[in-house]
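Here is a short briefing for a reader meeting this structure for the first time. Look at the sequence and the model, then read the points below.

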Amino acid sequence: MTDGVPRPDGEASAASVPDHRRPRSVYAVGTEPDPRFSMANERTALAWVRTGLALIAGGIALTSISAVTDLPGFLDVIAVLACIFGGLTALNALASWQRTERAMRLGEPLPAPAALRWLVGGVVIAAAVLVGYAIVQR
Amino acid sequence: MTENTRRPPPADTPGAVYGAAAERTALAWQRAGLGVVVGFFLVFRTAFGLGVIPVGVIAAILGVLVAALLVFVVPSARFLLGHRAGPWSALTAAAVAVVSLGMLGAVTSIIVLVRPGPG
């Protein structure tokens with residue numbers, strides 16, 4: 001293939017066009033992977049971004065409900081933590097995309113999703129606190 | 001009887017090889033963009049409803065900026081640059097938007113938490 005489009009079998013393209021894509025720490029190394037894998041990596045990063053959005057939306061909803069119904073202050077603390085973790089989740093999307101794309105270009109094993117355990121742990125703890133509060137208030 | 005003359009594309013064309021991956025990716029971007037814009041609207045509405053006006057104003061301004069960026073700038077740039085445009089700048093913009101949203105939400109919650117109650 002000589003038109004600059006990467007080959008689906010993972011071989012590097014024979015393009016003579018210089019690659020100016022950013023970040024250079026990713027695109028300056030290795031060979032071009034199958035575009036389907038790159039797009040799947042991009043969609044995974046977007047899924048992390050949407051997860052961060054969901055955490056923030058949950059935090060804002062909690063603040064709103066807490067203010068309207070005069071709930072105790074610790075629910076606002078959980079809301080603040082949810083908003084902060086939502087932002088961190090979005091930042092993790094960037095780092096995770098970069099690590100995975102680099103590993104694919106270098107033909108290395110994909111990195112483990114380290115943030116997943118923090119996300120699951122945080123959601124489980126928040127859910128346990130809210131369920132405990134609901135049971136106590138009955 | 002009319003014969004269906006539509007034939008599948010040759011196996012070596014990009015459409016046959018890559019399938020609908022590009023379409024799914026574009027839809028994922030649209031979902032994320034919609035989520036960001038709706039998130040800013042949620043913060044804007046909540047902050048105004050709770051009397052935290054400055055946060056609401058910032059959320060409204062940022063929300064309009066992000067919406068304009070997502071609708072006009074990012075799709076045009078990626079279309080013009082073709083497959084040579086990596087997703088890094090768009091991903092960074094989305095992450096910065098979500099971090100801003102998180103900070104606005106956290107500030108709103110903190111203000112609601114520390115301000116004196118109506119009683």
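H2(A) passes H2(B) in a left-handed crossing. A crossing is left-handed if the near helix is turned anticlockwise from the far one by less than a right angle, and right-handed if clockwise. This is a predicted model: local features need pLDDT of at least 70, side-chain atom pairs count only at pLDDT 80 or more, and totals for chains, interfaces and linings use all residues. Residues are numbered from 1 along each chain as its sequence is written, while chains are lettered from A and ligands numbered from 1 in the order in which they are written.

**The H2 pair**

- The axes of H2(A) and H2(B) are 9 Å apart, and the packing angle is about 15°. Axes are lines fitted to C-alpha atoms, for helices over the stretch in contact, and angles run from 0 to 180 degrees between N-to-C directions.
- H2(A) and H2(B) are therefore roughly parallel to each other. Angles under 35 degrees count as roughly parallel, over 145 as roughly antiparallel, 65 to 115 as roughly perpendicular and the rest as oblique.
- By class, 15 nonpolar, 7 polar and 6 charged residues make up the contact of H2(A) with H2(B). Ala, Val, Leu, Ile, Met, Phe, Trp, Tyr, Cys and Pro count as nonpolar, Asp, Glu, Lys and Arg as charged, and the others, Gly among them, as polar.

**The chains**

- Chain A has 4 helices and 0 strands, in the order α-α-α-α. Helices (H or I, at least four residues) and strands (E, at least two) are DSSP runs, numbered from the N terminus.
- Chain B also contains 4 helices and 0 strands, and its elements run α-α-α-α from the N terminus.
- Of the 138 residues of chain A, 33% are buried. For chain B the figure is 33% of 119 residues. A residue is buried if 20 or more other C-beta atoms lie within 10 Å of its own, exposed if 12 or fewer, and partly exposed in between, with C-beta atoms placed from the backbone.

**Where chain B meets chain A**

- Contacts link 41 residues of chain B with 38 residues of chain A. Two residues are in contact if their C-beta atoms, placed from the backbone, lie within 7 Å.
- On chain B, the elements giving two or more residues to this side are H1 (14–18), H2 (21–49) and H4 (88–114).
- H4(B) gives the most, with 18 residues.
- This side of chain B divides into 25 nonpolar, 13 polar and 3 charged residues.

**The largest nonpolar core**

- This core has 47 residues, and those touching the most other members are Val49(A), Ala93(A), Val36(B), Val43(B), Ala94(B), Ala95(B) and Val98(B). A nonpolar core is a set of buried Ala, Val, Leu, Ile, Met, Phe, Trp, Tyr and Cys residues joined through C-beta atoms within 7 Å.
- Leaving aside neighbours within four places in sequence, Val49(A) has contacts that include Ala90(A) and Ala93(A) in chain A, and Ala32(B) and Val98(B) in chain B.

- Ala79(A) lies in helix H3 of chain A. Ala79(A) is buried because 29 other C-beta atoms lie within 10 Å.
- Beyond four places in sequence, Ala79(A) touches Gly59(A), Leu62(A), Thr63(A), Ser66(A) and Ser109(B).
- Met103(B) sits in helix H4 of chain B. Met103(B) counts as partly exposed because it has 18 C-beta neighbours inside 10 Å.
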